[in-house]
Amino acid sequence: MERIIDNISPLQRARADYEPKVPSIFNGHIHIAEGETTVSVDDCEEIKALFPNTYGLPIVRFEAAEMADTTDPINVGVILSGGQAPGGHNVIAGLFDGIKKISSESKLYGFLMGPDGLVQHRYKELTADIIDEYRNTGGFDIIGSGRTKLETKEQFDQGLLVLKELNIKALVIIGGDDSNTNACVLAEYYKSIDAGVQVIGCPKTIDGDLKNDQIETSFGFDTACKVYSEVIGNIQRDCNSARKYWHFIKLMGRSASHIALECALQVQPNICIISEEVKEKQTTLAEIVDYIANVVAKRADKGENFGTVLIPEGLIEFLPAMKKLITELNDFLSRYGDDLELVKKSAKRDYIISKLSPENGQFYASLPKSVAQQLTLDRDPHGNVQVSLIETEQLLADMVGKKLKTWKKMGKYTGKYKVLTHFFGYEGRSSAPSNFDADYCYTLGYTASVLIAGGKTGYMSTVRHTHRPHEEWIPGGVPITMMMNMEKRHGEMKPVIRKALVKLDGKPFRTFVEHREEWALNTCYLYPGPIQYFGPSEVCDQPTKTLMLEHT
């Protein structure tokens, strides 16, 4: 995780001098003001029973004050949890600067390689020299990240030993919905035993599905979408030049289609499938194939045998028949996973079918062997099908090709159909953050320091009005329990933060719908180009189109 500071690019040198823009409230001392008490988004009684010490806390906002709430030194620990997202280093930088403003004697400790670093007592002190080296950079390499889940009393107690040893009064967990759920569980436990350790979360995920009325966007979403849109724009430029390929492009987003929708708004592709619409309309796989094939055929009639199709990573889970199958497969693997390992490879398919309901067994048997096999690979850390391993883009491309061959024999299609497939995922996770994410993440980290100074625990750091100039941003904190409901995980009902899906009545989706027929038949491509860090604010500092549309 160490690197030679001289071995950096000219852009990285220039970015090191960038000073994140922050809300005007940060220019002076801050006092925390409390609002009304809160309730969870659903299953209130169940969530309250599980979190008696951290449920019903008020939303908090910051107000200017003549004096700080505290000037005592504070030792703080920080964890990067889950997949990388651009801007994580700036969250840590903002946190560092915030606690140092409280007292120059405050210390920040980073736990190495995610939550496991807390349990295994692997850490390092993050000094000014280290922090300065990583400001405005991508990746999580300052301390590394991991996917260990903090769930058990044994883990909590083991972590508490090192927190007490280092005199750490607060722990900041930077992660997505599951990581922040774990943060809430940890906060509840430490509060219940009067451990004297606060826990604060920060909203991270490029998927964009960790948001609500208080959390306007998760960090990394802006940068990742701009990275993907640049590459899609490059493909579309090539596509419009060669004029002979259909590009099927799968984009990250297992549980929601926010990335696909944002990229569509930025590049105006011929086709973009939105999983939430598929679920709402109960669209079948065959209907999706027909839709794409019809667009291909109509463009061929105009002599345009090329185009782009955007596909969200989690689409296959939103197909009605596939959703039912995957739900039963998840239960099946939680019950019979060990037995399946003992079955010969040649007999696994029949064994799985024998354990499924007749309807799901028949559907599973109808799938191509490669897709069926991908559905029964190892689960992800949350016990779900690893949909990123299912080559949905190739499946759709092949099925459209078969449909077009049938139409050609019938005289309904006379064009040419050549395909290239892509999956953009890791390319966007560790990019140097956009100015928006650099500013937003620094503000989230600094906000966490204010929440810590105010004695808060079980809260998530938030920033509102992010569609406005940075001076008008409103930092504060929201109780994590407010975002929670009960969901089935690993065959059991567990408290989790509810994921935010694309709202079909929201302005971003409605804007897409207004234009998609035109984009389908005509070549309306936009070419966003690379992220710009220097220049006019309207070029360098603009947030996502999704965020702007949601606030107009």
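1. Domain contact. In this predicted model, 15 residues of domain 1 are in contact with 15 residues of domain 2 (contact: heavy atoms within 4.5 Å). Together the two domains bury about 1200 Å² (accessible area, 1.4 Å probe, lost on putting the two parts together and summed over both). Carbon and sulfur atoms carry 54% of that area.

2. Domain bounds. Domain 1 covers 23-220 + 433-489, and domain 2 covers 226-429 + 506-531. These bounds come from an automatic or database domain assignment. The domain centres, taken over C-alpha atoms, are 35 Å apart.

3. Salt bridge. One salt bridge is counted between domain 1 and domain 2 (side-chain nitrogen of Lys or Arg within 4 Å of a carboxyl oxygen of Asp or Glu). K488 and D331 form a salt bridge through their side chains, at 4.0 Å from N to O.

4. Sheet. Four strands make an open, parallel sheet in the order β9-β10-β8-β11 (strands: DSSP E runs of at least two residues, numbered from the N terminus; pairing: at least two DSSP bridges). β9 (271-272) and β11 (419-424) are the edge strands; each has a single partner, so one side of each lacks a neighbour in the sheet.

5. Strand pair. β8 (residues 246-251) runs parallel to β11, with six bridges. K250 sits opposite F423 in β11.

6. Basis. Residues are numbered from 1 along each chain as its sequence is written, and side-chain values use heavy atoms, without hydrogens and water. Local features need pLDDT of at least 70, side-chain atom pairs count only at pLDDT 80 or more, and totals for chains, interfaces and linings use all residues.
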